[in-house]
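Open the model in your viewer and keep the sequence panel beside it. The stops below say what to select and what is to be found there.

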Amino acid sequence: MAKPTKAPAKPERFIYCGPSLPGGLLQRYTIFKGGMPGHLNDVIGKCPAIKSMFVPPARLQAVTAAIQATGSLENLQYKEIQKFIWKGGLKHDV
């Protein structure tokens, strides 16, 4: 008798909620499945707050509201990414 087979696991999905990165490197509200995009490893290494802005779709509404709440962790991380962009942190990457 054959064992019942499990349905293959769906790839995990994430939505990026942070500010868009210059040069089309990463756009706000882009959906990714199967983990973090590898082309962002260097940028995430320079600005770890970017990684925290990838959230499961079920958390999108809560995180978007938290970004608007002054002083929340998400608000501070969003501002950190903006500061990184403004200071030219991507100059050599784009």
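**Tour of a predicted model**

This is a predicted model. Begin with a cysteine: select Cys 47, which is buried, with a relative accessible area of 2%. Next select Cys 17, also buried, at a relative accessible area of 0%.

Show the strands as a cartoon. Three of them form an open sheet, in the order E2-E1-E3, with antiparallel pairing. E2 and E3 are the edge strands, each pairing on one side only.

Take the E2 side. E1 and E2 run antiparallel and are joined by three bridges. Select Ile 15 and look across to E2, where its bridge partner is Ile 31.

Now turn to the other side of E1. Here E1 and E3 pair over two bridges, again in the antiparallel sense. Ile 15 stands opposite Val 55 in E3. Select Tyr 16 as well: its bridge partner in E3 is Phe 54.

**The aromatic rings**

Keep Tyr 16 and Phe 54 selected and show their side chains. How many aromatic pairs does the structure hold? The count comes to two. Tyr 16 and Phe 54 make one of them, a tilted pair with 5.2 Å from centre to centre and 50° between the planes. Tyr 16 belongs to strand E1 (residues 13-16) and Phe 54 to strand E3 (residues 54-55), so this pair ties together parts that are 38 residues apart in sequence.

Are these two residues buried or exposed? Tyr 16 is buried, with a relative accessible area of 0%. Phe 54 is buried too, at 7%.

Phe 32 and Phe 54 form an aromatic pair that is tilted, with 5.6 Å between centres and 55° between planes. This pair also links distant parts of the chain: Phe 32 is in strand E2 (residues 31-33) and Phe 54 in strand E3, 22 residues apart. Phe 32 has a relative accessibility of 16% and counts as buried, because the cut-off for buried is under 20%. With the three side chains displayed together, the ring pairs can be seen to link Tyr 16, Phe 32 and Phe 54 into a cluster.

**Helix H4**

Select residues 73-86, which make up helix H4. How far apart are the end C-alpha atoms of this helix? They are 20 Å apart, which agrees with the 20 Å that 14 residues should span at 1.5 Å a residue.

Colour the buried residues of H4: Glu 74, Asn 75, Gln 77, Tyr 78, Ile 81 and Phe 84. Then show what covers them, which includes E1, helix H1 (41-46), helix H2 (49-52) and helix H3 (60-68).

Stay in H4 and centre the view on Asn 75. Asn 75 is buried, with a relative accessible area of 7%. Which residues does Asn 75 touch, not counting those up to four places away in sequence? They are Ala 66, Ile 67, Gln 68, Ala 69 and Thr 70.

**The salt bridge**

Side chains of opposite charge can pair when their charged atoms come close. The structure holds one salt bridge. Select Glu 74 and Arg 59 to find it: the closest N and O atoms are 3.9 Å apart. The pair links distant parts of the chain, with Glu 74 in helix H4 and Arg 59 in the loop between E3 and H3, 15 residues apart.

Compare the accessibility of the two partners. Glu 74 counts as buried, at 19% relative accessibility. Arg 59, at 42%, counts as partly exposed.

**Last view**

To finish, display two selections together. One is the ring cluster of Tyr 16, Phe 32 and Phe 54. The other is the salt bridge between Glu 74 and Arg 59.

Terms used:
Residues numbered from 1 in each chain as written. Predicted model: local features only at pLDDT ≥ 70, side-chain atom pairs only at ≥ 80, totals over all residues. Heavy atoms only, no water. Buried < 20%, exposed > 50% of the residue type's maximum accessible area, 1.4 Å probe, protein only. Phe/Tyr/Trp six-rings, centres within 6.5 Å; stacked < 30°, edge-to-face > 60°. Helix = DSSP H or I, 4+ residues; strand = E, 2+ residues; numbered from the N terminus. Expected span 1.5 Å × (residues − 1). Contact = heavy atoms within 4.5 Å. Pairing = 2+ DSSP bridges. Salt bridge = Lys/Arg side-chain N within 4 Å of Asp/Glu carboxyl O.
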